[in-house]
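Please take a look at the structure below. We will walk through it together, one region at a time.

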Amino acid sequence: MINRIRDIRKQKGWTLADLAEACVPPTTPQTVGRLETGMRNLSLKWMDRIAAALEVEPEVLVRSENAEHPQVVASLGRDGPEALETTRDAILATDLGGSGSLMVLTIDYPHGEYRPGDQLWLRQIAPEDAARAVNRDVLVPKKAGRFAFGRLIDRQGSLVGILPPGHGEKQQVVDGPAWIGVAEMLVRRL
C-alpha cells in the first residue's frame, strides 16, 4: 500500500508541525514525518488519528501500489506551465473532506456558463450559513420535490433569493429550505 499522507498534507498547504498539532492528542512533526515515509508503521489507530486531523476518510490515506492514480505533473503559474520537480498524486476534491454532504447536479441543457454533460459538485450547508454562499451558484430544495438553481443573491430570515443562470430570468425566492447545496467543483469533459 502507498501512503498518501504527504500529498494530502501538502495539498492543504500544511507543514508537518501543522498536522502534528491538529492530531488529537497532538503528536510531534517527527512522528508525522516517519508515518509519511513509512519509517513508522501506519496502524489503523494512526490512520484514524491522521485522517481526523486532515478531515478526510481514513481509506483516502492509502492506495494500492497496483492501482493507477492521476498524477500532478505541472502547475500553471503567471509565467505559464512549469514542470514539478517530482510528480505527486492528484487528490480529488471529494477526498479532501470538509463538512456537509456532497452531491452532484448533472447539466443536460445549456444554462448560462454551464454546458450539457457538465457535472457540478455541490456541498450541502445549513440555511443559517447562507452568508458564506452569497454570490455562489447553489441548488436549493423547494416544496413538492422541486429545486431552484442559480446564484444566491440574498437571504432574509427564512427567505433565500436565487437568480437563475439564464439571461432575463426572474429571481426565485425559496422559503425555509432544508439545506443549500453550494457549487464547489465543475467537472467538464474536453
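Does Arg9 count as buried or exposed? With a relative accessibility of 7%, Arg9 counts as buried; the word buried is used here for under 20% relative accessible area, exposed for over 50%, and partly exposed for anything in between (1.4 Å probe, protein chains only).

Before going further, a word on what you are looking at. This is a predicted model, in which local features need pLDDT of at least 70 and side-chain atom pairs count only at pLDDT 80 or more, while totals for chains, interfaces and linings use all residues. Residues are numbered from 1 along each chain as its sequence is written, and side-chain values use heavy atoms, with hydrogens and water left out.

Now back to Arg9, whose side chain meets that of Glu36 in a salt bridge, 2.5 Å from N to O. A salt bridge here is a side-chain nitrogen of Lys or Arg within 4 Å of a carboxyl oxygen of Asp or Glu. The pair links distant parts of the chain, since Glu36 sits in helix α3 and Arg9 in helix α1, 27 residues apart. Helices (H or I, at least four residues) and strands (E, at least two) are DSSP runs, numbered from the N terminus.

Glu36 has another partner: its side chain also forms a salt bridge with Arg6, at 3.3 Å from N to O. Arg6 belongs to helix α1 (residues 5-11) and Glu36 to helix α3 (residues 29-37), so this pair ties together parts that are 30 residues apart in sequence. Glu36 is buried, at 8% relative accessibility, whereas Arg6 is partly exposed, with a relative accessible area of 36%. As background, side chains of opposite charge can pair when their charged atoms come close.

The C-alpha atoms of Ala52 and Cys23 are 7.4 Å apart, although 29 residues separate the two along the chain.

Which residue does Arg123 meet in a salt bridge? Its partner is Glu184, with 2.9 Å from N to O between the side chains. Arg123 lies in strand β6 (residues 119-125) and Glu184 in strand β11 (residues 180-187), 61 residues apart. Arg123 is buried at 9% relative accessibility, while Glu184, at 39%, is partly exposed. Across the model, the count of salt bridges comes to five.

Our last stop is the second largest pocket. A pocket is found on a 1 Å grid over the protein atoms alone, as an open set of points where a 1.4 Å probe fits, with protein on both sides within 12 Å along at least five of seven lines; lining residues have an atom within 4 Å of a point. There are 13 lining residues, and Leu105, Ile107, His111, Phe149 and Pro165 lie nearest the centre of this pocket.
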